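These are my notebook entries on a structure that is new to me.

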Protein chains: 2
Amino acid sequence: MATTDRREREKTEFRKIVLDAARRIVLEGGFDALTMRKIADAIEYAPGTIYLYFQSRDAIAFELCWEGFEALLAAVAPAGAIADPQERLLDLGVRYVRFGIENPQTYRLIFMGDPKYATSLFEDRGKEEGSPGMQALALLVGAFAELRAQGRLAIDAEPYALAEMLWSAVHGIVALHLACGQFPETPPERLRELLTQTLLHGLFAAP
Amino acid sequence: MATTDRREREKTEFRKIVLDAARRIVLEGGFDALTMRKIADAIEYAPGTIYLYFQSRDAIAFELCWEGFEALLAAVAPAGAIADPQERLLDLGVRYVRFGIENPQTYRLIFMGDPKYATSLFEDRGKEEGSPGMQALALLVGAFAELRAQGRLAIDAEPYALAEMLWSAVHGIVALHLACGQFPETPPERLRELLTQTLLHGLFAAP
DNA sequence: ACCCTTCTGTGAACAGCGTTCAGTGAACTA
DNA sequence: TAGTTCACTGAACGCTGTTCACAGAAGGGT
């Protein structure tokens with residue numbers, strides 16, 4: 001049945017057009033600016049039509065969120081090529097912060113909007129490679145595990161917990177910057193530098 | 001003029017009643033649940049009446065936000081009594097994380113909602129004691145300055161930047177927990193412990 | 001070429017949102 | 001008591017997400 005094939009293609013195409021318009025609206029005016037009627041206007045269809053291809057506004061935001069997280073993953077992935085686990089962790093931090101600062105609306109949508117979006121990224125759906133969130137976390141866990149195996153870790157904690165600690169801390173730098181705008185007067189990049197430097201060598205002078 | 005005095009009292013009283021209702025709604029259903037009509041229902045007035053006492057829904061959220069930040073300040077303040085700056089910093093962290101976890105809706109409203117709320121907390125309005133945000137930051141800056149004066153800091157960075165770095169990192173622990181719910185599987189308290197431990201002593205074994 | 005079915009797209013409608021405002025009635029002043 | 005002030009109301013406006021009866025084009029069978 002050739003028509004159903006074509007129809008399938010058109011359906012995918014329509015969804016893509018909707019998501020493109022939605023993405024543009026979010027990037028321009030933030031998540032609150034995302035409106036079904038605005039999307040409909042942009043793609044020159046009636047609002048109701050969108051509901052033939054998406055279950056709800058939330059479903060569209062959901063897809064943008066996953067898409068955004070995949071972009072984040074792609075942005076930090078090159079760090080994985082670095083052999084030395086310590087250098088790798090540093091580069092991951094640099095890339096993570098840079099992505100957050102350069103894509104504020106995307107980062108907000110993922111981590112500072114409705115909790116259900118971020119939650120879904122870390123939910124285990126029994127897939128082979130795990131959820132996107134766990135895939136990202138694995139980069140950190142792996143680096144810490146290598147450091148542990150090489151006897152380079154002074155601290156006695158599981159790599160998993162260390163990875164979550166590092167992610168939280170770096171997230172804080174990005175999130176606080178995006179939340180307050182002006183508060184951390186120190187630039188995020190400098191804060192990240194300070195954080196990693198301190199994490200590495202400790203805050204205090206040897207006694 | 002006794003009537004205007006009474007009227008002034010009634011006006012303050014009405015504002016308090018509105019804010020009480022608004023706070024209850026936010027604590028129960030989150031910020032999105034805060035609706036002028038819901039407030040009006042709760043206090044048994046017409047929606048329009050609220051606008052005689054508050055400029056907008058935003059203004060109400062604004063006051064809740066300030067109020068919440070003052071509660072956060074009050075929650076961490078006792079740490080200021082600790083003489084040793086290092087111990088003081090640790091206690092500040094404990095109290096900060098505890099407040100965030102125990103008051104998720106309040107913390108969300110302050111730091112994870114509309115950026116303008118958090119921004120206003122750090123804006124300098126030329127007051128003597130500075131903005132509430134800067135007041136809170138001063139606690140951290142002071143502790144780092146003491147450590148520096150006592151020659152106990154190994155790292156060569158301004159106390160101000162170190163304070164912002166620490167706040168960001170601790171914020172990250174709270175914010176990521178509130179944003180993802182389940183993601184950092186490690187409990188926030190444990191992550192904070194790991195963070196401070198690592199910040200203090202460094203991540204790596206001495207070569 | 002025709003009819004009949006299938007299905008895409010429409011636009012009006014519903015409930016709820018923040019906000020405004022003419023109008024009402026009670027309270028205060030003189 | 002008459003006049004004025006003012007708190008309060010409730011309907012309205014324009015916005016939101018979402019639904020649905022209906023129109024009309026496309027597809028399939030003969």
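Helices are DSSP runs (H or I, at least four residues), numbered from the N terminus.

I noted which residues meet: B:Pro85, B:Gln86, B:Arg88, B:Leu89 and B:Leu92 in α5(B) face B:Leu139, B:Leu140, B:Ala143, B:Glu146 and B:Leu147 in α8(B). Contact requires C-beta atoms, placed from the backbone, within 7 Å.

The model is predicted; local features need pLDDT of at least 70 and side-chain atom pairs pLDDT 80 or more, while totals for chains, interfaces and linings use all residues. Residues are numbered from 1 along each chain as its sequence is written, and chains are lettered from A and ligands numbered from 1 in the order written.

I turned next to the contact between the chains, which takes 45 residues from chain A and 45 residues from chain B. On the side of chain A, α7 (115–122), α9 (159–180) and α10 (188–201) each give two or more residues. α9(A) gives the most, with 14 residues.

Last, I looked up DNA strand C, which 18 residues surround (C-beta atom, placed from the backbone, within 6 Å). The closest are A:Ala46, A:Gly48, B:Gly48, B:Ser56 and B:Arg57.

Note on methods
Contact = placed C-beta atoms within 7 Å.
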